[in-house]
Amino acid sequence: MESKFSSERLDVRKIRESARECQDEHRMAIYDSLLYVDRAPNEEQQIQQLARRVRTKFNASDISKYDSAFQSNISRNHVCDRLSPVAPSVVFNPGKNLTQVFASNLRDFPSLKWQYFSAEEGVHNIYPATNFNNADISVSCGEDLDARSKSIYASTVRPQTKHLVILVDRGSEVSDDLLNIAKRAAGIALDTLSERDRIGVLSIASNIHTCKDDNCYANQLAPATLETKRQLSTFIQTIKKDSGATNHTQAILHTFTLMKNSIKTRGNNALNTDALMILYISSGHTSGSEEVKTVMNTIVDENAKLNNKVIIMTYALVEDGKTGLDELAFLRDMAEQNSDKYQVIPSQLETMPRKKGIMTVLNIISNLPSTVGRFYSILPNNMSTEPVFTLPYMDNIGKGLIMTITQTCYYNNRLLGIVGVDLNMGDVLEDVTYFEEGELSYAFMIDNQGYTLQHPTLPRPCFVNYQPMHADISHFEQVPGFSKIRQSLLNGESDSMMLEVPSNATLTQKKGKDTTLALYTWRKIDGTHYSVCIVLVEQDFDMKHLRHINVPTDDKVVYHRLDALPTESQCMHLKQLATKESNTMMLSAGSFTAPFEHLSQDETKRMVQHYMAYLNDNTRLIVNPGLKPAIKNDVAATSGIDKHWKNQAESSDNRDYIVRRYIATTNGVYRIYPGTYMDKSMDPTKQAWYTRAMDNPGQVTLSAPYLDIGGAGYIVTLSHSVFEGRSDQRHSSEDRVVSVMGIDFTIRYFYKLMTELFPVCTEENIRCFILDDKGYLIAHSGLIEPAGKGPAEQTHITHKEPLVANDILNHAGFVRKKLCNGYNDRTVQRFYQFNSSFNGILTNLVHGEHCSKYEITHIPDTNSFLGVVNQTCEDITAFCPCSMVDRLCLNCHRMEQTECECPCECSLEMDQCNGDLKDHEERNPSCAIPPEPVKLPELDPEMVSGLPQCFDPKCHERKSKSECFGVLDCEWCEIDKDRKTSLSKPYCATQRVCFGGVVGAYTPYADQIAAEEALPPVIQSAPVGPVAGGIMGCILVLALIMYVYRQHVQRLRRQEFSHTPETSVRMSHLDNERDQDDDPNEDHGAGHTNIIIATIEHAPHHEHRRQNARMWRGGGARKVTMVTAP
């Protein structure tokens, strides 16, 4: 049969030609010139590796996988075994037997982290197994580790408080190699201590050096906190060899002085309960027998003053050919306190026998963790089986804040080792963190030494990604009389006490009150070293609760998990998966009875369906899926807002400038329109717009511009508190807040609004601005300039208007410079606080430059101020010092009211020996918690691919700057790519085309943006001249507040909220719930949805409607009702 290739004969010559093209004689010459060595194959090793690799493919259970709870790759089927290098060759390893026990514990308590058993013989088993691939340390599961040299083990098997002084000999007789060994040994000994021990480190030679990070180290022993150990570890690493001989007598005298001062700090009983130890790391070289005798005499006399409680452990730095028998004998006699050998007679009668220590030889082959790291073994073992608790610390393996609980294991009075478990602090502290009993009340938790584990001025433990400062509770509770409560807490007592809280205690204050009463109630947590305290504030003594209300049958709740339960018409709202058919509801962690469980586990489709079934169930037959009792009422109370929001989105004159609308209840129920998929870790009550509204109840609050994670660029949030319902509909700032409502606007909207209200702002030499009560600019020409100078976060008046800032500081009744302590980031914050009760117009008629004039006034019922500046000269004579690199203050030792400086921060320094803050910083109140970062949830690209945008701004159809300016996702493109040249034909396009008005500019969401461009430039204004008369008269008409908050209240239908006959509704109706009827069993349906306030509506034509505006004042707080011409 003819071959099928017969028509395509192979040409051998062509093949050969192709082969020649592949040959490179030059490259071959290079390889020919290289040297090669013979390598014999190792078949046994290769087959073992190959078999082991293939074996793992068949056993999926052996493969470690990433676990979000542990934030590391783990295997739940194995333990990780790590052995001390000096462990016996035959040692009992209980790891495999413990695996089932550990696994059972994890199934029963899913919030557990690492479990382990550390044996006295040197075996360390950790479960679940991990390769430490996420750790800051580069080790593997099988590498050597002597866990007995770690603080957790040492503090468990020897729980007594240890007063330890480590001496490192750096004298001329110590070689560089031996000094490195001594430094490593000192670091290992330091690592064995816990925060309940006290530590001092001396570097000794002809003189004595101590750590300079804190002056107290020269005279005191400090608690061995993580911060203290970090500072001392750094000091040890910086020790350098000295040219002089070591003065051992001086070193011993200084050491015993530290010991005596430490015992005084602890109290007289410390001599009976605590352990006193000296670790003397030295070459042992002396000047002769006389010095040795003097040293021994000093030890005997000084130790007698402490009832011979001090144990001396000496470590001989041995170098071949240099270290002799005399040096070893001296160090041995020092450890054994052998005074008889030198005929030393104590100067005072000894009441207690001396305790002998041990001399250990150290050289380059010594295993330091198993020798120096076990120095505590000489202490008496009191056979304690009490659990030992650590302070919170960062988990180096899986990240996150954890604490460890350990306990000793004995068998027939023989110490086997310790068992331990690491607990996630988010789980341990969830009940304290999410405690809620009214608007102002709170809870905190401390240990038996006064260290604060959780307080409302500290962030949620789940979001801590750095080692926190362990501060005493007295720094947080600066209330007269609290010292008695603190002492009772430290004593482990349970009691209660009423205190009068001053106005500077911001946690418990509302505006307008100088003092308030607070009831402190505390109790020790059984079986632990911790106590909890509840602070119930006077305003929360008597509270009302909603009766059971139902979600209207025509208002089905839509949960925000649009990825799990998609709607029929999904779209993308800029960068977020959304729907414009309805709002979506999110239940934050605070809505659940077990917040940590909600955050740590995946939110499955079935769980979401259970939430929705329960919330939509008006029969109350479906089982509660773990929500707090008040959540269902909150969902029902906010249900009627959806129709109103959708109507606004379609008909409001401001719809082009609004990014989103939302409301959050105090219990954590969050509704947002357009309905949007959110990350479940987001807590609306921890956001700036929420906390600012809570700080200013009854007022409209404006936030400083910030970058929207949803893709809208820089935005400004307007928020307002919603009060608990009252039958007379009259409210004051003292009323209880039940929710906060917010609206996000584009940053340019407020500048556009300001210039349209006051056309004079666009005239030459005139600048207008709006700032909040902290001095951060909300609207200013400098925030919307193109060419890279545009919107930036945290732009302060001191950055843009230093002339004004310099002058207003002379008016202490208008603005004050203040301080607060940030314990979460260890800073002292300097900030400005403007008086939002200020009435009238502030001007520089007395202060300021001769060619400048400004006028500022408070915008009533808001947290904001309006200012106007005229500039007629160019001489710059005023500025506010600012760091161009970071937020550090230029002079942390001075702060004067009249000296202008940008908001900045200094380091918060603590006396490590007694826990007091330095420079009298304890007088400063605690800073409020900074807003928690919000992140976008991860989305499957295939799910969002092809989805249209929810709203099309039609930027390309907007032909003028006024039509384009401020519109959501639109930019007026006026600067070319070079950031200098103006376009001959400006046009309107999306932000992605010309962010900030610059063609081709990267958006802040792109990785390529330069770091320096994200920082606000410090611009120095020129002196200004007289302001045109009459501008401030416009301000006093309150036009701005009317336009910003509510241009006019439409005649809404009450039927939208409560199914009642159609009537007109004024704002006071919308602010609150209707009063409850006498019948407690009556179900009011959706009637209670009247707690929802009206949001910003149609922007009217300015002059006509502003002239028809007037104020209406009721019997309670001031309310604004707009009356407009038909």
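**Exercise 1.** Determine which residues of α6 meet which residues of α7, and how the two helices are oriented.

*Solution.* Taking contact as heavy atoms within 4.5 Å, Lys183, Ala186, Gly187, Leu190 and Asp191 in α6 meet Lys229, Leu232, Ser233, Ile236 and Gln237 in α7. This is a predicted model, in which local features need pLDDT of at least 70 and side-chain atom pairs count only at pLDDT 80 or more, whereas totals for chains, interfaces and linings use all residues. Residues are numbered from 1 along each chain as its sequence is written, and side-chain values use heavy atoms, with hydrogens and water left out.

Next, the elements are placed: helices (H or I, at least four residues) and strands (E, at least two) are DSSP runs, numbered from the N terminus, and here α6 covers residues 176–191 while α7 covers residues 226–237. For the geometry, axes are lines fitted to C-alpha atoms, for helices over the stretch in contact, and angles run from 0 to 180 degrees between N-to-C directions. The two helices pack at an angle of about 170°, with their axes 9 Å apart. Angles under 35 degrees count as roughly parallel, over 145 as roughly antiparallel, 65 to 115 as roughly perpendicular and the rest as oblique, and α6 and α7 are therefore roughly antiparallel to each other.

**Exercise 2.** Carry out the orientation analysis for α8 and α10.

*Solution.* Helix α8 (residues 248–266) and helix α10 (residues 289–304) pack with their axes 9 Å apart, at an angle of about 10°, which makes α8 roughly parallel to α10. On the α8 side the contact includes Ile252, Leu253 and Phe256, and on the α10 side it includes Val295, Thr298 and Ile299.

**Exercise 3.** Characterise the aromatic pair of Phe389 and Tyr530.

*Solution.* A pair of aromatic rings is described by the distance of the centres and the angle of the planes. Rings of Phe, Tyr and Trp (its six-membered ring) pair if their centres lie within 6.5 Å, and planes under 30 degrees apart count as stacked, over 60 as edge-to-face and the rest as tilted. The structure holds 21 aromatic pairs; in the one formed by Phe389 and Tyr530, the rings are 5.5 Å centre to centre with 80° between the planes, an edge-to-face arrangement. This pair links distant parts of the chain, since Phe389 is in strand β14 and Tyr530 in strand β22, 141 residues apart.

**Exercise 4.** Locate Gln348 and list its contacts beyond its sequence neighbours.

*Solution.* Gln348 is in the loop between α11 (325–336) and β13 (359–362). Leaving aside neighbours within four places in sequence, Gln348 is in contact with Ala304 and Lys305.
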